[in-house]
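This report describes the fold and selected local features of one protein chain. Please consult the sequence and structure shown here alongside the text.

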Amino acid sequence: MSTLPASAFGSRPVLSAARPADAVLAGGRAQVGQLWALSDTEVASTLGHLERVRAAAEAQQVAVVTEARSRGLGNEQGWSGVDWSTQAAPSMSTGHASTLQVAADACRDPRLDDRATAVESGAISLAKAAQLARFHRCAAPVADPVQLADDTATLIAAAPTLTERQLALAIRHASALLRPEKDAEHLAERQRAARALYKGPGPGGMSTYRVVLDPEGAAILDAALDPLARPRPAKGDPDLRTPAARRADALLAIVGRGVSAPGKAPKTAKAQLVVTMSLEQLTGAVRGAGLTLGQELLTAGTVRRLACEADLIPAVLGTNSELLDVGRRKRLVPPAIRLAAWLRDRGCTWPGCTVPAQWCDAHHGTPWWQGGHTSLAN
């Protein structure tokens with residue numbers, strides 16, 4: 001697109017650029033079979049260029065849909081915005097069309113000028129823009145306008161550097177703090193009351209179970225399943241079980257231990273529910289919410305209650321209740337340092353690896369035999 005003459009964009013903005021871009025990329029389908037001719041660097045460069053084209057195209061789609069909404073296109077036919085979009089672009093999915101409508105509505109809202117500018121410039125992806133728009137739309141009726149504006153501005157500023165998953169977590173945290181604490185605790189109670197386990201027929205004579213859990217229940221179940229659901233290679237061969245199969249085996253292992261143990265069921269060293277929040281939030285001095293290693297948000301009241309449970313470990317930041325540096329006295333990583341590493345890294349630190357912290361082993365940066373210390377820094 002950058003090689004087109006400037007005159008091509010003059011009379012019909014966006015359309016004059018979209019037509020040749022469509023023709024070039026559509027014509028390139030016949031050349032896909034010749035990608036073997038590209039070098040490794042060129043393959044990576046091509047993917048990067050196409051990603052930028054996709055992001056730019058989405059930003060332009062938002063602008064086009066915004067214009068269509070302002071003109072009321074499709075109203076005479078009784079179409080919704082999604083209907084109009086899928087009629088104009090038959091290959092567009094209804095999910096993508098719905099996301100475009102959400103982002104377009106945000107761009108038309110005069111209170112969200114910063115977000116509209118970020119979307120139209122391509123600084124924020126379409127998916128992130130929709131996340132922010134839904135957050136603002138849901139929070140606006142109940143939140144303090146000033147606090148909502150501040151939180152929205154903070155999220156918009158951070159969005160370009162966050163992944164969609166990280167932004168979703170930040171939005172959840174902001175939503176929890178915007179809700180009055182008594183309302184948050186009431187919601188948590190209702191969510192606990194809505195826990196459910198359903199059983200139904202499955203394929204091939206099997207059974208299907210469906211579990212509906214609140215954030216607290218999900219965090220407890222994840223903490224129990226994760227250590228037992230990690231891949232377990234046998235004699236050098238990879239674990240061929242799917243993640244779903246590993247979780248099912250882990251659940252059966254937990255139930256088997258529970259029904260066979262005469263007293264308290266044995267547990268793995270990593271089967272711990274770790275909840276992080278500041279000491280001020282825990283004591284109620286300031287508003288806040290707890291965050292588990294599985295990225296579940298728990299209300300302050302829930303965390304205070306869990307902190308009294310013997311089998312659950314609250315990790316309160318800002319205290320020195322456990323020694324985090326044992327120097328050369330021990331080679332194996334003690335629980336205190338392992339817990340601190342989980343909280344610090346949130347997962348595997350090997351580049352590109354996304355396995356959760358509970359599946360990871362702790363290793364010395366500088367090996368023990370070379371004089372490395374068993375400390376959090378190492």
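## Packing of H7 and H8

In this predicted model, helix H7 (residues 145-158) packs with helix H8 (residues 164-178) at an angle of about 170 degrees, and their axes are 11 Å apart. Angles over 145 degrees count as roughly antiparallel, and H7 and H8 are therefore roughly antiparallel to each other. The crossing of the two helices, H7 and H8, is right-handed.

On the H7 side, the contact is formed by Gln147, Leu148, Asp151 and Leu155, which meet Leu167, Ala170, Ile171, Ala174, Leu177 and Leu178 of H8. By class, eight residues in this contact are nonpolar, one is polar and one is charged.

## Overall composition

The secondary structure of the protein chain comprises 14 helices and six strands. Of its 378 residues, 31% are buried. Among the contacts in the chain with a separation of 6 or more, 56% involve residues 24 or more positions apart.

## Thr99 in helix H4

Helix H4 (residues 94-108) contains Thr99. The cut-off for a buried residue is under 20% relative accessible area; Thr99 has a relative accessibility of 17% and therefore counts as buried. When neighbours within four places in sequence are left aside, the contacts of Thr99 are with Leu126, Ala130 and Arg134.

Strand S1 (residues 196-201) and strand S2 (residues 207-212) run antiparallel and are joined by six bridges. Within this pairing, Val211 in S2 is the residue opposite Leu197.

Five residues lie between the strands of the S1 and S2 hairpin, in which Gly204 adopts a positive phi near 60 degrees.

## The S4 and S5 hairpin

Strand S4 (residues 289-292) is joined to strand S5 (residues 297-299) by three bridges, and the two strands run antiparallel. The bridge partner of Leu291 in S5 is Leu297. The hairpin of S4 and S5 has four residues between its strands, and Gln295 takes a positive phi near 65 degrees there.

In a regular strand, side chains alternate between the two faces of the sheet. Which residues of S4 are buried on each side? Ala289 and Leu291 are buried on one side, while Gly290 and Thr292 are buried on the other.

Terms used
Residues are numbered from 1 along each chain as its sequence is written. This is a predicted model: local features need pLDDT of at least 70, side-chain atom pairs count only at pLDDT 80 or more; totals for chains, interfaces and linings use all residues. Side-chain values use heavy atoms; hydrogens and water are left out. Axes are lines fitted to C-alpha atoms, for helices over the stretch in contact, and angles run from 0 to 180 degrees between N-to-C directions. Angles under 35 degrees count as roughly parallel, over 145 as roughly antiparallel, 65 to 115 as roughly perpendicular and the rest as oblique. A crossing is left-handed if the near helix is turned anticlockwise from the far one by less than a right angle, and right-handed if clockwise. Contact means heavy atoms within 4.5 Å. Ala, Val, Leu, Ile, Met, Phe, Trp, Tyr, Cys and Pro count as nonpolar, Asp, Glu, Lys and Arg as charged, and the others, Gly among them, as polar. Two strands pair if DSSP finds at least two bridges between them. Buried means under 20% relative accessible area, exposed over 50%, partly exposed in between (1.4 Å probe, protein chains only).
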